[in-house]
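Open the structure in your viewer and keep the selection panel at hand. This tour goes stop by stop: what to select, then what is there.

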Amino acid sequence: MAQISNAKRGPAFYFLAAFFTLFVIFLYGPMLVIFLLSFQGSTGGLTFPMRGISTHWFNDLWTSSRYGDLGGAFRRSLVLGCLSMLITAIVCLFAGLAFRRRFWGSGPIFYLAIGSLVVPGILLGLGISQFFQLLGFKLNWWLSGLGAHLSWTMPFGLLIMFAVLNRFDASWEEAARDAGARSWQVLAYVTVPILFPGLIAVALFGFTLSYDEMPRSLLTVGGKNTLPIEISNMTTNVTTPALYAIGTLTSVVSFVVIALAFLAIAVIQKRRARARSGS
Amino acid sequence: MTEQSRIDIQNVTKLYGKVPAVNNVSLTIDGGAYCCMIGPSGCGKTTLLRMIAGHESPTSGKIQIGNEDVTDKRTGSRGTALMFQNYALFPHLSLTDNVAFSLKVKGETAQARREKARTMLDRVQLLHLADRMPSELSGGQQQRVALARALITNPKVLLLDEPLSALDEFLRLRMRVELKRLQSELGITFVHVTHTQPEAIALADQVVVMDHGVVEQAAGPREIYSKPYSPYVARFMGGQNVLSGLVDGTGAGGTTVRTPDGMLHDLQVVPDAKVGAPVNFSVRRDHIRLVDEAGQRNGTRGKVVNVEYQGTYVKVALDTGSRDEFIVYLDEDDFYSATRAVGDMINAAWEPRFNHLLVGTNNSTGNPHEE
Amino acid sequence: MSDRSSAPGRLLTPYLQVAPLAFLMITMVGIPLLTVVLLSFWEFDGIAVYPAFTFDNYAEVLQSPVTLKLFLATLKYALITLVATVIIGFTCSYFLVFYVRDLRIQIALFLLCTIPFWTSNVIRMVSWIPFLGREGLFNSALIELGIIDHPLDILLYSDFAVVLTYIHLFTLFMIVPIFNSMAKINPNLIEAARDAGASPFQILRDIIIPLSKTGIALGSIFVVTLVMGDFFVVRVMSGGQSASVVSAMKNNIDQLYYPVASAMAVLLVIVVLLMVTAILRVVDIRSELAR
């Protein structure tokens, strides 16, 4: 990377570093605060001071009936997340491979994908729910809901595949074919293994974007809510730290998934690079 | 084995849109021969190579290897193996698994194919790195792995796409020797694409010179070098001065050609030569002497514009007034025996038997940027 | 020239490969969008929605004075957020690309910025409440430091809170494309400029900013469309006092006024498309997006 000046770290560096640090605190600070507050004592309120430390509010989520079907919502969000992850990864892998060359219809499909990102989620939710109902289908979290989630995750997956395939040398596939490999063997032994870190990234986006998705889900899940919908309902009618407790819990799930993805990618990169000093 | 690895290219054309990258080429490459295809960028040599390999299919025409028509056979089932210019080693596999790949594809068990791969790596002196990854290797080492990967399939024909371009000068010369040795050891056909003339004439049994999708000349290196077919081949292969003039007189003994500077040159008999017809001919640069007295035949006169010392010879460039630079390769002692400096007017002369008629009409310079 | 491979039988492949994506995009994006456009011409008689072809919905939306107010309010949010995110995003990217020496640390810090993106936006929004409320952290700290006597009410449930949340959520969308653009700048350009005696400020002004235009444009498109399309943050963080176009739309949807909501949606999309086109006029990023 180009450095602006070769001199020792000057005032510009310290100013920028401070700015950046402030930004990171700005990003993470609030989340850390509500993690703390989710352990608020049983008599405590939504803000400081902490009146003791307890897991009272976590318990409250379980035991109280005030919060809707959190357990079911959590389960549904997990299932949707996994389904979105798998479907997005597989579909975007092949779509990305297709987009390496111009083909009839590539423009419109690409613009539809970008359009899905640009249009307000709730608008698309309205469209999907009305479209389903006009056709006479019932709205279900695992059908119309899943479709709505996929409309959100696919464009991201596609863009990531574009970035990953930019650095993919087609001569690897040619060399495999030259060695006698048939198309499925090229895919299984060369293309997918080499692209695997990128696929993990797509899977990460596929899961987290679906797991946290709310606007599109609102109108398309039918009778049973997903966790983000339950949480957004809670923001308006819950005035206890139970809100923070569920926030902490769902964030923990997200962080575990993120950590797993990063770990997987790091392990693969490490195995492939080995001694960086030689090259 | 030699019959099996013979390549017959019959009227092969490759069109990209309207542009013929390869234009009705017919060529025979003998089994067990080392064939070098040479030409500037865009001449079609790489496209032709890839069609032999099966990575491109001809728009029309037929390709046979051995006596088998492979035109429509998919790559990997023709008995050919391609060594890629950038080696294309699989970055996610160790050297052993890279080399064993073609065996894995055929269904061999892990143990058996790894064993064979290691043997192959040993042959290219890389066994000690068998478990490394390609990113840890130097360019020369990667090339040897690519070679091992290609040869493990026991191909009838090995195709090499500019194999030495990415190597530094020293390594290039060493690998050249390796390739020649390998080819004669294996006895299979090698088709080697290059744009470096000394490399082609050093390695090949058959040199194929291409330009704009057409084969200009296909012959042994000595013939290509001493008896180029057209002005283009003469210029591209180097080592020749191309001269042109008009027929001055014809006779049983030979044809006389007058160049624009008034000099007469004695050529062999030019068939159907009419007085006044244009003729191209060439003279090898190392067959020319510098003389004090201007002659009247088989010579030229010009101003020295550049002198380059090349160790075994000195390269003297003269401006004789024609479009091409006139270059003389002089023996070191010859050159330094008299003081000749840039700016001096000097005379050059040669024996008439060194005038070589250029039959072909392709008069381009061989440098794509000058067209 | 390996990408010119035209070996036989491979012409069908891209169509088979893209078919699942095409199917999903058409059924889950294309057709729903068309459905909304269609709905905008239908009638609602208080009970149900009837197929029709009427411009009544558009008339209702366009003639209502509230509509203009809503659009202006939303635009206001969008522009303030845009300016703030450009400044913050650019500065952070600039720091990461040109002032962090080790590439690994650069990537680690970049990832640090992106991790919150993979958590719930709702939770991230909610996490500002303990900061901004009357008894929140900011007010407590400011009072303790003696800067103010009474807690500031404007911190929470106000436009300030809304914009702050937008910045918190969406700066990342500015950082990623700008970081990408900056990383692509050939280091030799910077070196050549340094050799020619340019100061860091001149390098920034004459080389880095022009070459980051694509990233800034891309980021701007993201931020603008996200803010224009939001209904949730504006409602919660303003305490119900403010509204945006989409939150008004949602109100209509909640009351089953689908045709009117659809008409508003179509108008919003047109406005957003105009804004995007304006951004694209300034910078041609089609090549960047379309590979």
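Helices, at least four residues of H or I, and strands, at least two residues of E, are DSSP runs numbered from the N terminus. By that count, chain B has 9 helices and 20 strands. One caution before starting: this is a predicted model.

**Stop 1: chain B as a whole**

Select chain B. Its C-alpha atoms fill a box of roughly 75 × 45 × 35 Å along the principal axes. Of its 371 residues, 44% are buried. Now consider contacts in chain B with a separation of 6 or more: residues 24 or more positions apart account for 65% of them.

**Stop 2**

Zoom in on strand 4 (residues 60-65) of chain B. It runs antiparallel to strand 5 of chain B, and 2 bridges join them. Click Ile65(B): its bridge partner in strand 5 of chain B is Glu68(B).

**Stop 2: strand 9 of chain B**

Next, select residues 206-211 of chain B. This is strand 9, and it is mostly covered, with 6 of its 6 residues buried. Show the side chains. In a regular strand they alternate between the two faces of the sheet. Here Gln206(B), Val208(B) and Met210(B) point one way, while Val207(B), Val209(B) and Asp211(B) point the other way. Both sets are buried.

Strand 9 of chain B has a parallel partner in strand 3 (residues 34-38) of chain B, joined to it by 4 bridges. Select Ile38(B) to find one pair: its bridge partner in strand 9 of chain B is Val209(B).

Then look at strand 10 (residues 214-219) of chain B. It pairs with strand 9 of chain B in the antiparallel sense, over 5 bridges. Met210(B) has Val215(B) in strand 10 of chain B as its bridge partner. How many residues lie between the strands of this hairpin? There are 2.

**Stop 4**

Click Leu243(B): opposite, in strand 14 of chain B, stands Phe281(B).

Now follow the chain to Asp272(B), in the loop between strand 13 and strand 14 of chain B. Is Asp272(B) buried or exposed? Asp272(B) has 6 other C-beta atoms within 10 Å, and 12 or fewer count as exposed, so this residue is exposed. Draw a C-alpha to C-alpha distance from Asp272(B) to Ile288(B). The two are 16 residues apart in sequence and 29 Å apart in space.

**Stop 3: chain A**

Switch to chain A. It has 11 helices and 0 strands. Its C-alpha trace spans about 70 × 70 × 30 Å along the principal axes. Of its 279 residues, 47% count as buried. Among contacts between residues at least 6 apart in sequence, 77% join residues at least 24 apart.

**Stop 4: where chain A meets chain C**

Show chains A and C together. Their contact takes 73 residues from chain A and 78 residues from chain C. On the side of chain A, the largest share comes from helix 1 (residues 11-37), with 15 residues. The chain A side divides into 51 nonpolar, 19 polar and 3 charged residues.

Finish on helix 1 of chain A and helix 3 (residues 65-99) of chain C. Their axes come within 10 Å and cross at roughly 125°. That makes helix 1 of chain A oblique to helix 3 of chain C. The crossing of these two helices is left-handed. Select the residues that make the contact, including Phe13(A), Phe20(A) and Phe23(A) of helix 1 of chain A, and Ile88(C), Phe95(C) and Tyr99(C) of helix 3 of chain C. By class, this helix contact has 11 nonpolar, 1 polar and no charged residues.

Definitions and conventions
Residues numbered from 1 in each chain as written. Chains lettered and ligands numbered in written order. Predicted model: local features only at pLDDT ≥ 70, side-chain atom pairs only at ≥ 80, totals over all residues. Pairing = 2+ DSSP bridges. Buried ≥ 20, exposed ≤ 12 C-beta atoms within 10 Å, placed from the backbone. Contact = placed C-beta atoms within 7 Å. Nonpolar A, V, L, I, M, F, W, Y, C, P; charged D, E, K, R; others polar. Axes fitted to C-alpha atoms, helices over the stretch in contact; angles between N-to-C directions. Parallel < 35°, antiparallel > 145°, perpendicular 65-115°, else oblique. Left-handed = near helix turned anticlockwise from the far one by under 90°.
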